[in-house]
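Biologist: Please show me the model. I would like to ask about its surface and its rings.

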Amino acid sequence: MIIPIFGALFVCYFLIHAFHGDRGLLAWMHLQKEVASAEATLSDARTTKEALDGRIALLRSSHLDADMLDERARVMSGLVRPNEIFLIDPTARAERAVIAK
């Protein structure tokens, strides 16, 4: 009778650690949630980077956009009123999302 009891305890020990251990199912599910959160953060960062790259491209010396230059000069000099809205190239939709934030 003692051998089956020890065998059952042995199996229970490993089953408990399979669920609650450092590499168990609960830890794996928690890690999957962290990965999904990190991927969402990365996607947001990439979107923001692309929008900022588009705005930077408008200020390059090879293709200088006069409206963007005027906007940046007024912002940097503090001559912008709080209720003022800048109109940007209609093809740059992602840029407007960054400005609106």
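Some questions and answers on this predicted model follow.

Modeller: Residues are numbered from 1 along each chain as its sequence is written. The model is predicted, so local features need pLDDT of at least 70 and side-chain atom pairs pLDDT 80 or more, while totals for chains, interfaces and linings use all residues, and side-chain values use heavy atoms, without hydrogens and water.

Biologist: Is F6 buried or exposed?

Modeller: F6 sits in helix α1, residues 2–20. Helices are DSSP runs (H or I, at least four residues), numbered from the N terminus. Buried means under 20% relative accessible area, exposed over 50%, and partly exposed in between (1.4 Å probe, protein chains only). F6 has a relative accessible area of 55%, so F6 is exposed.

Biologist: How are the rings of F10 and F14 arranged?

Modeller: Rings of Phe, Tyr and Trp (its six-membered ring) pair if their centres lie within 6.5 Å; planes under 30 degrees apart are stacked, over 60 edge-to-face, the rest tilted. F10 and F14 are 4 residues apart in helix α1, about one helical turn. Their centres are 4.9 Å apart, with 75° between the planes. The pair is edge-to-face.

Biologist: Which residues form one aromatic cluster?

Modeller: The structure holds 2 aromatic pairs. One of them is F10 with F14. F14 is partly exposed at 44%, and its ring centre lies 5.3 Å from that of Y13, with the planes at 80°, so this pair is edge-to-face too. The cluster is F10, Y13 and F14.

Terms used: Helices (H or I, at least four residues) and strands (E, at least two) are DSSP runs, numbered from the N terminus.
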